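Have the 3D view open as you read, and take the points in order.

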There are 2 protein chains.
Amino acid sequence: MDPYDSKILQLLSQNARMKWADLAASIGLSAPAAAERVSRLMDQGVIKHFSTIVDPESVGCDLAAFVAVSLERPEHRGKFLALIEKLAEVQECHHIAGDDDYLLKVRCRNTKDLDRVVSHEIKSLPGIIRTKTTIVMDTIKESTEVALQSHKFSS
Amino acid sequence: MDPYDSKILQLLSQNARMKWADLAASIGLSAPAAAERVSRLMDQGVIKHFSTIVDPESVGCDLAAFVAVSLERPEHRGKFLALIEKLAEVQECHHIAGDDDYLLKVRCRNTKDLDRVVSHEIKSLPGIIRTKTTIVMDTIKESTEVALQSHKFSS
DNA sequence: AGTGAAATCTGGACGTT
DNA sequence: AACGTCCAGATTTCACT
């Protein structure tokens, strides 16, 4: 990957509202050149969007949990995925290899709220064989940054 | 929570580079008032930072995995957490309840790269009893947005 | 705490190297 | 492909409500 683009992604990951002039100065380019690279990265889909990272506990989301879900048959997938997409408490959903089918990351107010999401919302669907919930006691690291390699890859 | 702040967090989560004027117009406030609320939310720590969400596959991070880690004794924690903090491939580290101690979310280039991170970097530490790696085959949802409740919470 | 206007600064367009 | 200039528009400050 272009070293300029790599640096741009790194700096913008840390501060998405950085001024083009500051970004440009940090990488040794002029502001228009830096801005053009950013819009190109957006067009290419390398930059998905700019987001604001909110402290969950400051807004009453005190509980995090991982929920492994096993589905009975593929025909139940559609409804399941539609529900997952709808639920704001489900931050992530990954299709995984191994004993279970999906691994969800859930953030909600408290254990009662988690019970509502898991037992009432998710388990109410047909085809859910089982769920295994793992409570997060403390989050030590939570980054949105992607490890950028110095070596080449497809551009 | 203040309904203005709630709306601000929601809108900025979707687009952190939104102009204050546009943000203000969307919530029915003037630009200076909106900007002041944002800086107050930053001072309070409600907004942790503004981040750019990069498509992992576009930058050669094709593999995601969850790694559960069991530590032998508390005295090995310090070195383990220092390593976790250092490794860019480890995006998240949660202290969890249950059979294992920590759950890591890892993003890296390929299975060989995952082997380097898990087998060489992490397992080389003293006190690691075992690791259980779960490969992610597909990521269906991955959001940084926090579910904001309409009801009150501490401010 | 929010508004509106003024001064300042930023960002996108264009022409040049 | 990057730079520098120019102008429209956004941000910030300030006085006022």
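1. One term before we start: a residue counts as buried when its relative accessible area is under 20%. By that cut-off, buried residues make up 49% of the 155 residues in chain A. Please keep in mind that this is a predicted model.

2. Now for the overall layout of chain A. Its secondary structure comes to five helices and five strands, and from the N terminus on these elements run α-α-α-β-β-α-β-β-α-β. The radius of gyration of chain A is 20 Å, well over the 15 Å that the globule rule gives for 155 residues, so the chain is more spread out than a compact globule. Along its principal axes, the C-alpha trace of chain A spans about 55 × 35 × 25 Å.

3. How is chain A divided into domains? The assignment gives domain 1, covering 3–43, and domain 2, covering 56–135. Taken over C-alpha atoms, the centres of these two domains of chain A are separated by 37 Å.

4. Next, have a look at strand 1 of chain A, residues 47–54. Six of its eight residues are buried, so this strand is largely enclosed by the rest of the structure. Strand 1 of chain A pairs with strand 1 (residues 47–54) of chain B in the antiparallel sense, over seven bridges. To see the pairing for yourself, find A:Phe50, which stands opposite B:Thr52 in strand 1 of chain B.

5. Then turn to DNA strand C. The residues around it are A:Lys19, A:Trp20, A:Ala21, A:Pro32 and A:Ala35, along with B:Leu29, B:Ser30, B:Pro32, B:Ala33 and B:Arg37. Of the atoms of DNA strand C that come within 4 Å of the protein, sugar and phosphate account for 86%.

6. Which residues have polar atoms beside phosphate oxygens of DNA strand C? In B:Arg37, an N or O atom of the side chain is 2.5 Å from a phosphate oxygen. For A:Trp20, the distance from a side-chain N or O atom to a phosphate oxygen is 2.9 Å. B:Ser30 uses its backbone instead, with a polar atom 2.8 Å from a phosphate oxygen. The elements that give two or more residues to the surface near DNA strand C are helix 2 (20–27) and helix 3 (31–43) of chain A, together with helix 3 (31–43) of chain B. The largest share, three residues, comes from helix 3 of chain B.

Terms used:
Residues are numbered from 1 along each chain as its sequence is written. Chains are lettered from A and ligands numbered from 1 in the order in which they are written. This is a predicted model: local features need pLDDT of at least 70, side-chain atom pairs count only at pLDDT 80 or more; totals for chains, interfaces and linings use all residues. Side-chain values use heavy atoms; hydrogens and water are left out. A residue is near a molecule or strand if one of its heavy atoms lies within 4 Å of it. A polar contact is a pair of N or O atoms within 3.5 Å; within protein, one must be able to donate a hydrogen and the other to accept it, and residues adjacent in sequence count only if both atoms are side-chain atoms. Helices (H or I, at least four residues) and strands (E, at least two) are DSSP runs, numbered from the N terminus. Domain bounds come from an automatic or database domain assignment. Buried means under 20% relative accessible area, exposed over 50%, partly exposed in between (1.4 Å probe, protein chains only). Two strands pair if DSSP finds at least two bridges between them. The radius of gyration is taken over C-alpha atoms; the globule rule is 2.2 Å times the number of residues to the power 0.38.
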